[in-house]
Amino acid sequence: MPKLYDLAHCRAGDKGNTSILSVIAYRPEDYAMLADKLTVSAVGAHLRGIVQGDIRRYELPQLSALQFVCEHSLNGGVTTSLALDAHGKSLSFALLELEI
Amino acid sequence: MRDSIRLGGGAGFAGDRLDAAADLAERGELDYLVLECLAERTIALAQLRRRRDPETGYDTRLVERVESLLPIIARRRIRLVSNFGAANPLAAADAIRDVARRMRIPIKVAAVTGDDVLDALDLGAPTMETGAPLSTFAPIVSANAYLGAEALLPALASGADIVVTGRVADPSLFVAPLMHEFGWRADEVDRLARGTAVGHLLECAGQLCGGYFADPGRKEIPDMAHLGFPFADVDSEGDAVLGKVAGTGGRITRATATEQLLYEVTDPHGYLTPDVTADFSAVALTETAPDRIAVRGAQGRTRPDKLKVSVGYLAGYVGEGEIGYAGANAVGRAQLAAQILRERLDGRFAELRIDLVGSTSLHGRAFDRDERPYEVRLRVAARGRSAEEAGIVGDEVEALYTNGPAGGGGTRKYVNEQIGIVSTLIDRARVHPSVTLREWDAHAEVV
């Protein structure tokens, strides 16, 4: 089964305890399919144990991109987390493991 | 009025590469070079340094940066704008003047202050993260409001060669020169939004040029050891073309620009800065030539009423310890070590975390079912109230040498003071930016 990694690229950003995951289709023609499959619940289920709060999804067809804003996802927040990757910078590649 | 202004992004964080910035200044034909050097926590750490020594508190690499860039920007008449004043822009201006004097280069430096609102802070105000009042986060060591582009305008109008600030919203460092050059007013929201998009694209420097983007075989970026830093040609409407110096490493494409445009944006329809509420959803990125991307279409709405304040507090000490295991049953032996440490440390620390590096440390579990590492590294972290208490973590890991599972090696231990950051809002009326000038030239010097 193809992974999201084969269809899109992703970058993770952080604000406090919120992780922001940008998913960008390599090919604009894949955007509609990705928007269809990458629902908030699909992403939430895939990142269970990591994302502890609500997920907001923004659709950006002009950029062939979906923006997932995931609250309570950084072990309490970048500056006080005991995690090795306190910023959650590597979470982009966790999301890209999702099977499409 | 100029048709277009070229802004360069010469640093994406305090520790960023110096050589790439110097190359951009030397060959980029810039009008302005902007250095973004101030992450959220950086300013709290700088405030702690300033408490120990009032002459410090600016970016620890400021002198090195200015020594490297000053001869170039003086020769090429580039104006430098940076938040590398951190917790002490006035001392930073003095330090810059001292460098100029030493190098015999005439200089006018403008320091922008007023972001430090520690004394104006209402401890009953709710934090944006949880709603809990600020008073629950103690002891507080710093409070810096995010100033907007307007705070820099008097500094730019003074004719200063270098504008040094403390906390300013990152995109505002880029918007300020555009307001200054093109006479944009504070209510021209679409122009400000376009300028904000450009600033946001440039503020992480190399990240626009393939830095933090590359993935070999999938997203190829050439010559990353010599990654070029970006510039933007911005016209009086705020429309822009991104580019980088020919011959430098890296690449600017629609894909690199899209990743950077959306980076850390919690609402693409309403990106808040002190200057404007910017909507990036209709931004069009178009490749006009290799490594040239046109940016158009950001839209603006009224700026937020209040300013965001970043508040730093002392959050205790984090102790860490690590030890590695390899070969047959490496994971099993690391798990045994983890179990031993949990038994010995649980209860002594309110917060304890144990990870297997090489296996589950980053995501808590493996997404790939075939994962089976040859080697694994155990990492333990806990927060203590004192450095001594936090130090117990590393000592316990080290004791696994003679008391733990077979074949453990390569222990390391660390203790670090932790600065927490929370945010709150403040009325604009309670924030008073001001500008102080420092100058030096050989003729004026009293011998």
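A: Start with one pair of residues: Asp233(B) stands opposite Val241(B) in S8(B). Helices (H or I, at least four residues) and strands (E, at least two) are DSSP runs, numbered from the N terminus.

A word on the source. This is a predicted model, in which local features need pLDDT of at least 70, side-chain atom pairs count only at pLDDT 80 or more, and totals for chains, interfaces and linings use all residues. Residues are numbered from 1 along each chain as its sequence is written, while chains are lettered from A and ligands numbered from 1 in the order in which they are written.

Now the strand itself. Strand S8 of chain B covers residues 240–244. It is mostly covered, with 5 of its 5 residues buried. A residue is buried if 20 or more other C-beta atoms, placed from the backbone, lie within 10 Å of its own; it is exposed at 12 or fewer and partly exposed in between. In a regular strand the side chains alternate between the two faces of the sheet. In S8(B), Ala240(B), Leu242(B) and Lys244(B) point one way. Val241(B) and Gly243(B) point the other way. All of these are buried.

S8(B) has strand partners. Strands pair if DSSP finds at least two bridges between them. Strand S7 (residues 230–235) of chain B runs antiparallel to S8(B), joined by 5 bridges. The hairpin of S7(B) and S8(B) has 4 residues between the strands. There, Gly238(B) takes a positive phi near 95°. Strand S12 (residues 292–296) of chain B also pairs with S8(B), in the antiparallel sense, over 3 bridges. In S12(B), Ala294(B) is the bridge partner of Val241(B).

Step back to the chain. Chain B holds 11 helices and 18 strands. Its radius of gyration, taken over C-alpha atoms, is 24 Å, close to the 22 Å that the globule rule gives for 447 residues, so chain B is as compact as a globular protein of that length. That rule is 2.2 Å times the number of residues to the power 0.38. Of the 447 residues, 52% count as buried. The C-alpha trace spans about 75 × 50 × 50 Å along its principal axes.

Chain B is divided into domain 1 (4–310 + 426–444) and domain 2 (314–423). These bounds come from an automatic or database domain assignment. The two domain centres, taken over C-alpha atoms, are 37 Å apart. In contact are 13 residues of domain 1 and 6 residues of domain 2 of chain B. Contact puts two C-beta atoms, placed from the backbone, within 7 Å. On the domain 1 side, H2(B) gives the most, with 4 residues.

Chain B also meets chain A. Here 38 residues of chain B are in contact with 30 residues of chain A. Several elements of chain B each supply at least two residues to that side, including helix H2 (40–52) and strand S14 (306–326).

How confident is the predictor? The mean pLDDT of chain B is 95, and 99% of its residues reach 70 or more. pLDDT is the predictor's confidence in each residue, from 0 to 100. The model scores ipTM 0.96 and pTM 0.95.
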